[in-house]
Amino acid sequence: MAQSKRIASIDWMRGFVMILMVLDHASMAYNAQHLSSDSAANFVSGTPLPEFAFFTRWISHLCAPVFVFLAGTALAISIERKLAKGFDSRKIDADIFLRGAFIALLDPTIISIFSGRITIQVLYAIGVSMICMSLLRRFSTSALLLIAFSWITFGELLTAQFWPPQDNIQTIINALLFSTYSSPDLVIKYPLFPWLSMMILGWVFGRYLLAFSDGKMRVSPIALSLTFGTLFLGLFFLIRFYNDYGNMFLYRDDNSWQHWLHVSKYPPSAAFTFLELGIMAIILGFMMIIERFIGSRPNGILLVLGQTSMIFYLIHRLIFEGSATFGGLRHFADINMAYIVSLIALSLLYPFCLWYRGFKAKHSNSIFLRYL
């Protein structure tokens, strides 16, 4: 794998979850029966989890972890290559900071305006995590792995002290760091620490990809992905089987498949993290195998959407939320309409993203376009 070559399977993976994300955002905006019970803060034990509605919501759980993990991977590949070429370290830090701040501010500004209330979600988590990486990038791989897995393993202990759901205790500061907050005017669902741990793991994976391409590692990224994917899914199974610590207070009510998969996303539990990163690693491993054998079509839908993920996210999110908030379409239909709207949106967004990718390439010196 040449060092200058872009890894298509990473873009495929990102493009794949973008398709799932469109469906979830359409359901959030228009589906009156949209499920959002993936937190101990808003799930009442015994509440039914209808199969089709639950599955539609559950498949979207993959989106944010993949987004955050691969943001770390892409950032690591970009920064490590720049360092190898002798770029100034302080300028690199400034660039990471500015890019992270730009992304993080999209949530409390433009996204919130179109949503009708202040929403702190995945863009905040990605942006602030990127800012943190301007410091953490200097740490060794071992230290980064220790930080990430320490939070995944022990973060629930801290969260339990300041955010026991049964006591309905919420503070904005805690929510920005490790818990959640909800009021009519403000919603915080993506705290920094758990999502930073996923970005750190993505950064480590990016380092590994570069080291393997330089001949410094023997185990291929494919074998690494499939091995850790299997390991993570095994850890998920153990946590859900014992139904105690590691579930962020969202336990199984029974042995139905819905309750086995009904894990806490807000805030992310260890069960959620291992399940989603495990699924991602398995899919990514197989995508790498496919890429090895068939290569990549330059205008393939997954590749195009993966390479234009930020503008794709902003366009469809603002259209959905804007029409729901200001057009009177909030929860006006059912889940079937969410699927129809998603198909229409994808059919329109693909040619737009194909055009935008070419436009961005022609204006590669634009600082603003680099962030989108």
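A: The charged end of Arg 252 is placed over the ring of Trp 260, at 4.5 Å from the ring centre. The criterion is NZ of Lys or CZ of Arg within 6 Å of the ring centre and within 35 degrees of the ring normal. Lys 189 also has its charged end over a ring, that of Tyr 266, with 4.8 Å to the centre.

The model is predicted, so local features need pLDDT of at least 70 and side-chain atom pairs pLDDT 80 or more, while totals for chains, interfaces and linings use all residues. Numbering starts from 1 along each chain as its sequence is written, and side-chain values rest on heavy atoms, with hydrogens and water left out.

Turning to ring pairs, the whole structure holds 22 aromatic pairs. One of them joins Phe 54 and Trp 257, which are edge-to-face with centres 5.7 Å apart and 65° between the planes. Rings of Phe, Tyr and Trp (its six-membered ring) pair with centres within 6.5 Å; planes under 30 degrees apart are stacked, over 60 edge-to-face, the rest tilted. This pair connects distant parts of the chain, since Phe 54 belongs to helix H2 (residues 51-58) and Trp 257 to helix H10 (residues 257-261), 203 residues apart. Helices (H or I, at least four residues) and strands (E, at least two) are DSSP runs numbered from the N terminus. Buried stands for under 20%, exposed for over 50% and partly exposed for what lies between (1.4 Å probe, protein chains only).

A second pair is formed by Phe 149 and Phe 232; with 6.2 Å between the centres and 70° between the planes, the pair is edge-to-face. Phe 149 is found in helix H6 (residues 141-162) and Phe 232 in helix H9 (residues 221-242), so parts of the chain 83 residues apart in sequence are tied together. Phe 149 is partly exposed, at 25% relative accessible area, while Phe 232 is buried, at 9%. Phe 149 and Phe 232 also belong to a cluster that ring pairs build together with Phe 228 and Phe 274.

The search finds 0 disulfides in the whole structure, a disulfide being two cysteine sulfur atoms within 2.5 Å. For the sulfur of Cys 63, the closest cysteine sulfur is in Cys 353, 15 Å away and therefore too far for a bond. Cys 63 is buried at 3% relative accessibility, and Cys 353 is buried at 0%.

As for the setting, the protein has 15 helices and 3 strands, and its C-alpha atoms fill a box of roughly 55 × 45 × 40 Å along the principal axes. Of its 372 residues, 53% are buried. Among contacts (heavy atoms within 4.5 Å) with a separation of 6 or more, 76% are between residues 24 or more positions apart.

Asp 95, in helix H4 (residues 89-115), is buried at 15% relative accessibility. Apart from neighbours within four places in sequence, Asp 95 is in contact with Lys 82, Arg 370 and Tyr 371.
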